[in-house]
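My entries follow in the order I made them.

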Amino acid sequence: MQVHSFEKVWLGAALLLIVGFIATVTYGTAGAGVKMVDDSGGEIDPEAVKSGDTGTGFDDPGVVRQNDSHYVVYVVAQQFQFVPGSGDNPIRIPADTRVTFRVTSADVMHGFSITETNINTMVIPGQVADITAKFDEPGTYGLVCHEYCGAGHHAMGGSVEVVP
Ligand code: CUA
């Protein structure tokens, strides 16, 4: 059997396309192509987060001073509040200082976004999101859950107070 050389070219092109599509999908789902979640903080047991039994800063979430130039904030997201952050318990941090937010969830998927900044991550139960930032401007910033998490999602928010 003889295949026309013109036909061979098109067969090759079609094969290349198919392989290309598969490679793109694989890269996007399994590889680093689309990384929507910051999981640099490692894994954690959400049940232990809920019961305050992780042996980490999440057992007593809040602001922890490491030294003069670095603070760590442990935040637990749960239906439908941030601890700390929501209600009359705002996250209070100093300006002009390196602050690392360590965020995890005690139940379902949430979002963690601080208005007027590029601090924004999904919060997935079982994973810890680590985000380090520095606030130049003192003031009050909004804290928003931007991932639908249930009936009270629209009311899930809080505030971050950056003090001079
Ligand atoms: Cu938590 Cu939406």
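Domain bounds, as I use them here, come from an automatic or database domain assignment. I noted that this assignment gives the protein chain domain 1 (1-35) and domain 2 (46-163). I then took the centres of domain 1 and domain 2 over C-alpha atoms and found 43 Å between them.

This is a predicted model, in which local features need pLDDT of at least 70, side-chain atom pairs count only at pLDDT 80 or more, and totals for chains, interfaces and linings use all residues. I number residues from 1 along each chain as its sequence is written.

Next I looked up Y71. Y71 sits in strand β2 (residues 70-78); helices (H or I, at least four residues) and strands (E, at least two) are DSSP runs, numbered from the N terminus.

I listed contacts (C-beta atoms, placed from the backbone, within 7 Å). Leaving out residues up to four places away in sequence, Y71 touches V63, V64, R65, Q66, I93, P94, T97 and V99. I also checked F101: its C-alpha is 8.6 Å from that of Y71, at 30 residues apart in sequence.

Last, I followed the pairing of β10 (two strands pair if DSSP finds at least two bridges between them). Strand β4 (residues 91-94) runs parallel to strand β10 (residues 157-163), with 4 bridges, and I93 stands opposite V162. Strand β9 (residues 139-144) runs antiparallel to β10, with 6 bridges; there G142 has S159 as its bridge partner.

How values were computed:
Contact = placed C-beta atoms within 7 Å.
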